[in-house]
Amino acid sequence: MNDASNNFKLLKVTPSEGFREAFILHLADNSLIMGHRLSEWTGHGPMLEQDIAISNIALDLIGQSRNFYQYAAQLININNEREVSKTLYPGEDLNEAVATEDSLAYLRDANEFKNILLVELPNGDWAKTIMKLFLFSVYQLYFYQKLIDSSDKQLAAIAEKSLKEVTYHVRWSSEWVIRLGDGTDESHKRISNALEDLWSFTGEMFQPADYENSLLQKRISITVSELKNDWQNKVRNVFEEATLMYPEENIWMQTGGKNGTHTEHLGYILAEMQFLQRAYPRCEW
Amino acid sequence: MQLTKENITIDAAWKLMNEINDPEIPVLSITDLGIVRDIKLNEIEIEIFITPTYSGCPAMNVIAMNIRMILWQNEFKKIKITQQLSPAWTTDWMTEAGKQKLKSYGIAPPVGKSFDKNYLEKLLVECPHCHSMNTKLISQFGSTSCKALYQCNDCLEPFDYFKCH
């Protein structure tokens, strides 16, 4: 044990970020956690090309999250007079603490993360990973298509940048859903099971959190419930080609992630992802 | 060319940018790729605007460092590098010279323009080795974010294709 880790204290101020910061963190967390999950496949993909593909997609998503975190950090630092959730490194004074993309990704605890539950679920087999990525990528596609018109110029710019990448993710994951659904009995069974496991986590995407609602009037956020039709149509078309049954829509849906109430899985992700920064604060390589 | 604070001009700065190569595709300069969007110069500092090719492109840090180095070596000490996300980078900005350099390096240059919505659909990519048009997509994702993996059905060589983006 070195001195730094002995002295390490987490000092937290009540998390009461502004709505805009919360919204940006929600988008950043979605991309980071999805990207981190996909990166777990690096070196384990079913074949080299697909290992590279899924690692590339993970890289795109982590890159998107960096853009969001950098912007959130910038706003948090400008609005310093506002009480902002800050987690401090050892020896750091609350008044001097500066938010950075790293402090936001590595020093917040599970209840401060605002990602939807879907992205934090374990990868399972290849079919489950593919289905999760597909459901999420189609959502991101329509989300970013709307966010391009945000009155917040930086959010619009990040959306414009990300949209091109997401278009590839949708295409790649759709092809895999079709390949597995319309493949062998075994692959059909696996992708059907994946869909059954994941379906109750899709409703959260279209249920706005308070911070999303309160930013609507200024046209900073978008109306997520309006994305549902496009999402359903796209998913339905791909499922049809994949010979998959489109599940019952009006079932009870899991929620909570957008407001910091997560499944137990997120804690394990953070334990792995944040370990180094917590054990060796500010370490770099 | 030795530049000093007195004689540096925007043109000279652009020429220096031409000398910086992409770390992952060393035959292309960052101006061939369209990564440098703008250069602004005033009495106290030079500001270089760069745009990432892909959000997670790990080359951006190296590129920013190389820009800093070359300007610094040329006697310019006050340097600001600003990341600009919009308009989003597109392969439409790649120079013709750049496309030719890619081809002779063994990477097929982007086909078509990104505003053409069919760019993701089936397209004909020429094999950079034997120039056959009889090629097939192996994987949409290649050794870097910006490339896909193709194979030539005639000479059977696999090759990288710089995706239209």
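1. Where pLDDT is low, the predicted coordinates should not be read in detail.

2. A helix crossing in chain A. Helix α2 (residues 19-39) and helix α11 (residues 264-279) of chain A have axes that come within 11 Å and cross at roughly 75°, which means that α2(A) is roughly perpendicular to α11(A). On the α2(A) side the contact is made by A:L32, A:I33, A:H36 and A:R37, while α11(A) supplies A:H265, A:L266, A:I269, A:L270, A:E272 and A:M273. Sorted by class, the contact of α2(A) with α11(A) has six nonpolar, two polar and two charged residues.

3. A buried serine in chain A. A:S65 belongs to helix α3 (residues 48-78) of chain A, and with a relative accessibility of 1% it counts as buried, given that buried means under 20%. Leaving aside residues up to four places away in sequence, A:S65 touches A:A28, A:S31 and A:L32; A:L32 is also among the residues of α2(A) that make the contact with α11(A).

4. Overall make-up of chain B. The secondary structure of chain B comes to three helices and seven strands, and from the N terminus on the elements run α-β-β-α-β-α-β-β-β-β. Chain B has 165 residues, of which 50% count as buried. Among the contacts in chain B with a separation of 6 or more, 53% are between residues 24 or more positions apart.

5. B:D11 sits in helix α1 of chain B and is exposed, with a relative accessible area of 55%; the C-alpha atoms of B:D11 and B:I39 are separated by 9.3 Å, although the two residues are 28 residues apart along the chain. B:T31 lies in the loop between α1 (10-18) and β1 (36-41) of chain B, and it is buried, with a relative accessible area of 15%. Not counting residues up to four places away in sequence, B:T31 touches B:W14, B:M17, B:N18, B:V36 and B:T95.

6. The hairpin of chain B. β1(B) and strand β2 (residues 46-50) of chain B run antiparallel and are joined by five bridges, and a hairpin of four residues connects β1(B) to β2(B). Within this pairing, B:L41 has B:I46 of β2(B) as its bridge partner.

7. The four-stranded sheet of chain B. Four strands of chain B form an open sheet in the order β4-β7-β6-β5, with mixed pairing. β4 (107-108) and β5 (135-139) of chain B stand at the edges with a single partner strand each, so one side of each is left without a neighbour in the sheet. Strand β6 (residues 147-152) and strand β7 (residues 158-162) of chain B pair in the antiparallel sense over five bridges, and B:Q151 stands opposite B:P158 in β7(B).

Key. Residues numbered from 1 in each chain as written. Chains lettered and ligands numbered in written order. Predicted model: local features only at pLDDT ≥ 70, side-chain atom pairs only at ≥ 80, totals over all residues. Heavy atoms only, no water. Axes fitted to C-alpha atoms, helices over the stretch in contact; angles between N-to-C directions. Helix = DSSP H or I, 4+ residues; strand = E, 2+ residues; numbered from the N terminus. Parallel < 35°, antiparallel > 145°, perpendicular 65-115°, else oblique. Contact = heavy atoms within 4.5 Å. Nonpolar A, V, L, I, M, F, W, Y, C, P; charged D, E, K, R; others polar. Pairing = 2+ DSSP bridges. Buried < 20%, exposed > 50% of the residue type's maximum accessible area, 1.4 Å probe, protein only.
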